[in-house]
Amino acid sequence: MRIGIYIRLYGRPAAETPAPTWASIRDQALAAEAAGFDLVVLEDALWMPDDDGNLGLWESVSVAAALAAATSTIGIGHAVINSPYRNPALVAKIAATLDEVSGGRYTLGIGLGNTPDDYGPFGVAADRRYSRFAEAIRIISDLLREGRSEFEGEFYRAPGAEMILRGPRPEGPPIVVAGAKPKMLRLAARYGDGWNWWTGEPDDPDSLRPIVDELERACEEVDRDPATLVRSLDVFSVAAPAGGDGGSAPGDGVLGGPAEAVAERLLAFRELGIDEVRCNLRFPLGAATPEAIAGLAGVVDLVRAG
């Protein structure tokens, strides 16, 4: 099983927990690369509400490009690009460019959008999000895989768009469609190289069984072998080790303890056909550090060994 790690882009100036800087983001990615993680993934939002007001975020495409240039072997991906923010033809060009900068290490994770609190203030049109996304993913797929799009829809048009510069992979980087509702699962089956979802119940893999069963039905409807659709899962949360072989004590919705125990619980998701887990870390002091990421190398080794 592959294993990835979230790198957080959000924070607030003068907060108790330091807001991320480019230097801290880069150092976390380099630590993840050294620890053997298969990939780092980034969130994509304009702001996030919390109890003390909105948290700011660095723009994720810019950060992904910088990380692609700063690293050499680890995969770079967006956990989920927030589709309403960007024109789909532009998203395709972004993905191809990131794949070029990374030397073929980029994965395009994308979904219909899930941060409605920031759409209005930033002037983002987000009504009828599924209908918009169904058009967007077709344009993105056509451009990355075929190099051209002739699509004209209700929300988006790309009549004669062409990808002249394609990046290192002839059919572009993998497209991973995030979603759990039946219509989104059918878009994943039709257009995706992979499917992604998340869980806040890492102790209960079976809670995802109905979604996975529906995903397999969606594949059958489009005459696709479900085994050809790579399945990834974002796990909220995994406790960073407190030191030595032990780890932070597990709590509600948090995987913690010795590396063997954490790895065993992550590997339990294989029963659902999950090929890749991405760990959103719960750090002891609320701050990600390269040292804390390095402390997860034992978990990484055990998960990759299966």
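Me: In which order do the strands of the open sheet of 3 strands stand?
Reply: Strands here are DSSP runs of E with at least two residues, and helices are runs of H or I with at least four, both numbered from the N terminus. Two strands pair if DSSP finds at least two bridges between them. The pairing in this open sheet is antiparallel, and its 3 strands have the order β2-β5-β4.

Me: What kind of model am I looking at, and how were its features picked?
Reply: Residues are numbered from 1 along each chain as its sequence is written, and side-chain values use heavy atoms, with hydrogens and water left out. Local features need pLDDT of at least 70, side-chain atom pairs count only at pLDDT 80 or more, and totals for chains, interfaces and linings use all residues, for this is a predicted model.

Me: Back to the sheet: which strands stand at its edges, and why?
Reply: Strands of a sheet pair through backbone hydrogen bonds, either parallel or antiparallel. In the order β2-β5-β4, two strands have a single partner each, so one side of each is left without a neighbour in the sheet. The edge strands are therefore β2 and β4.

Me: Which residue of β5 stands opposite G11?
Reply: Strand β2 covers residues 10–11 and β5 covers residues 53–57, and the two pair in the antiparallel sense over 2 bridges. Facing G11 across this pairing is G56.

Me: Let's turn to charged contacts: how many salt bridges does the structure hold?
Reply: A salt bridge is a side-chain nitrogen of Lys or Arg within 4 Å of a carboxyl oxygen of Asp or Glu. One of them joins the side chains of R132 and D127, at 2.7 Å from N to O. The count for the structure is 21.

Me: Is R132 buried or exposed?
Reply: Buried means under 20% relative accessible area and exposed means over 50%, with partly exposed in between (1.4 Å probe, protein chains only). At 14%, R132 falls under the 20% cut-off, so R132 is buried.

Me: How many residues apart are R186 and E214?
Reply: Their side chains meet in a salt bridge of 2.7 Å, N to O. The pair links distant parts of the chain, with R186 in helix α5 (residues 182–191) and E214 in helix α6 (residues 209–221), and the separation in residues is 28.

Me: Which residues are linked with R278 in a network of salt bridges?
Reply: The side chains of R278 and D234 meet in a salt bridge at 3.0 Å, N to O. This pair links distant parts of the chain, strand β14 (residues 276–282) and strand β13 (residues 230–239), 44 residues apart. R278 and D234 are both buried. The network links R278 with R2, D234 and E276.

Me: How many disulfides does a search of the whole structure find?
Reply: A disulfide is a covalent bond between the sulfur atoms of two cysteines. The search counts a pair of cysteine sulfur atoms within 2.5 Å. C219 is buried, at 0% relative accessible area, and C279 is buried at 3%. The number of disulfides found is 0.

Me: Which strand gives the most to the lining of the largest pocket?
Reply: On a 1 Å grid over the protein atoms alone, a pocket is an open set of points with protein on both sides within 12 Å along at least five of seven lines, a cavity is a set where a 1.4 Å probe fits but cannot get out, and lining residues have an atom within 4 Å of a point. The lining here has 30 residues, with V80, G113, N114, W197 and W198 nearest the centre. Elements that each supply at least two residues include α4 (129–146) and β12 (194–199). With 3 residues, the top contributor is β12.

Me: What volume does the largest pocket have?
Reply: Grid points are joined across faces, edges and corners, and a volume is the space filled by probe spheres set on the points. For the largest pocket this comes to about 800 Å³.
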